[in-house]
Amino acid sequence: MKVNGLRWWIIGLIGLVTVINYLDRSTLSIMWPSISHDLNMSTKDYALILNIFMIAYGFGQSFSGKIFDKVGTRIGYVLTIGLWGISSFSHAFARSVLSFGFLRATLGLGEAGNWPGAVKSNAEWFPVKERAIAQGIFNSGASLGSVVAPPLIATLWAAFGWKVTFMIVGSFAVTWLIPWLIINKALPDKHKWITEKEKEYILSGREKKEEEAKGLSFKELLSHKESWAVLISRLFMDPIWWVFVGWMPIYLADVYGFNVKQIGYFAWVPYVGAAIGSIAGGAYAGNLIKKGKSINYARKKSIIVGAVLMFLGLLATIFYAHTALRFVLVVFVVLFGFQFAIGNIQTLPSDLFKGKSVGSLAGLGGTFAVFSVIIINFLVPMIASYSYVPIFILIALYVPLGVLAIFIFAPKIKLVDGEMDQKST
């Protein structure tokens with residue numbers, strides 16, 4: 001049996017599991033008003049639990065990046081998704097900060113694998129010129145998951161309560177493994193379902209001997225300044241996303257007095273913008289490359305466009321967003337810009353390195369990003385008791401710093417050994 005466009009089935013499955021990923025991680029924040037009431041917990045308890053997740057998630061990305069490079073994407077996803085699915089389901093039995101913290105830690109370790117796994121899979125299944133759009137499809141799963149999560153979780157909560165909701169949502173990930181194991185049988189050069197035309201297209205569109213390239217150690221990766229373009233840019237950019245993922249439901253409850261149902265009605269809107277931005281950013285970069293522009297030009301221009309939208313949107317949260325409706329519409333623009341840029345930033349590891357180094361650098365980038373996210377998560381409950389404005393100002397300042405890091409550490413985006421034939425800008 002031959003399947004036309006098999007690579008799109010693979011990235012489609014990864015996009016779907018990313019939707020599930022964000023359903024699993026969103027359950028706690030969306031249902032927190034109910035959980036905190038039932039278990040007598042505070043916003044500071046929430047911040048602690050959230051940071052336990054982020055620490056595990058950060059270190060999990062570096063760890064799972066190495067796992068994926070060692071065992072491959074097929075088995076790597078089985079290991080990480082099995083862990084996060086069981087962890088998400090088990091939240092139904094948590095009753096304290098300690099038990100929630102433990103389960104958020106195991107959830108973070110499991111969910112972390114999705115990002116280096118996706119970057120590595122895209123390097124395996126897509127030629128260079130299509131990787132940004134493939135990354136955009138994958139990233140749109142995060143956005144779509146965040147669109148679906150508020151109304152779905154609010155509906156399940158209203159019908160069954162928060163305990164059963166955790167069980168239902170937690171079962172989705174393990175179920176996903178069935179089609180993954182059936183469809184993703186092997187890499188493109190050995191897959192029995194792939195057509196010869198598609199195999200040739202994939203293999204001819206990537207660096208020669210890419211899969212055979214020896215993976216670099218973390219020390220070796222860090223010795224290249226181009227790696228720091230990924231690490232520092234994500235250190236500044238990722239907190240912008242996580243502020244809204246982790247705190248927007250709490251913001252709506254604190255500032256506008258929303259309950260779980262009302263959060264469900266409003267909180268999905270910005271992620272529609274994020275989903276559109278994911279696809280648009282990848283398509284924009286891919287179109288520039290098809291027109292003859294270099295990877296360096298296409299990536300940087302796309303990142304700048306997204307950064308400008310983010311920065312202006314964050315300023316608007318301070319000076320314009322004085323109602324709940326205005327707020328979610330402004331955040332729509334912020335997250336559109338974020339995803340427009342971040343898909344191209346997350347593609348940089350496969351632009352800069354080959355083979356088994358790609359997943360490692362992608363995972364290390366996620367670990368670096370967590371450091372600033374943790375700081376933000378501790379600051380929010382302390383500052384928000386007075387005003388959320390300083391938080392929005394801080395993450396607005398992160399935007400130009402993230403862009404500058406790419407221009408400083410990667411003056412020209414290309415393979416670090418200089419082997420890739422790229423056109424000049």
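**Cavities and a pocket in close-up**

A search of the whole structure, which is a predicted model, finds 6 cavities of 30 Å³ or more. Rolling a probe the size of a water molecule over the atoms shows where empty space is left.

**View 1. The largest cavity and the residues nearest its centre.** The largest cavity holds about 130 Å³ of space. Its lining is made up of 14 residues, and those nearest the centre are Tyr-22, Trp-115, Asp-238, Trp-241 and Gln-346.

**View 2. Composition of the lining of the largest cavity.** At least two residues of this lining come from each of H2, helix H6 (131-160), helix H10 (225-256) and helix H14 (324-352). By class, the residues lining the largest cavity are 8 nonpolar, 4 polar and 2 charged.

**View 3. The second largest pocket and the residues closest to its centre.** The space in the second largest pocket amounts to about 230 Å³. This pocket is lined by 17 residues, of which Val-71, Gly-72, Thr-73, Glu-124 and Leu-187 are the closest to its centre.

**View 4. Helices that line the second largest pocket.** Helix H2 (43-71), helix H3 (73-90) and helix H5 (114-125) each contribute at least two residues to the lining of the second largest pocket. The greatest contribution is that of H2, with 4 residues.

**View 5. Residue classes around the second largest pocket.** Charged residues number 8 in the lining of the second largest pocket, alongside 6 nonpolar and 3 polar residues.

Definitions and conventions
Residues are numbered from 1 along each chain as its sequence is written. This is a predicted model: local features need pLDDT of at least 70, side-chain atom pairs count only at pLDDT 80 or more; totals for chains, interfaces and linings use all residues. Side-chain values use heavy atoms; hydrogens and water are left out. On a 1 Å grid over the protein atoms alone, a cavity is a set of points where a 1.4 Å probe fits but cannot get out, and a pocket is an open set with protein on both sides within 12 Å along at least five of seven lines; lining residues have an atom within 4 Å of a point. Grid points are joined across faces, edges and corners, and a volume is the space filled by probe spheres set on the points. Ala, Val, Leu, Ile, Met, Phe, Trp, Tyr, Cys and Pro count as nonpolar, Asp, Glu, Lys and Arg as charged, and the others, Gly among them, as polar.
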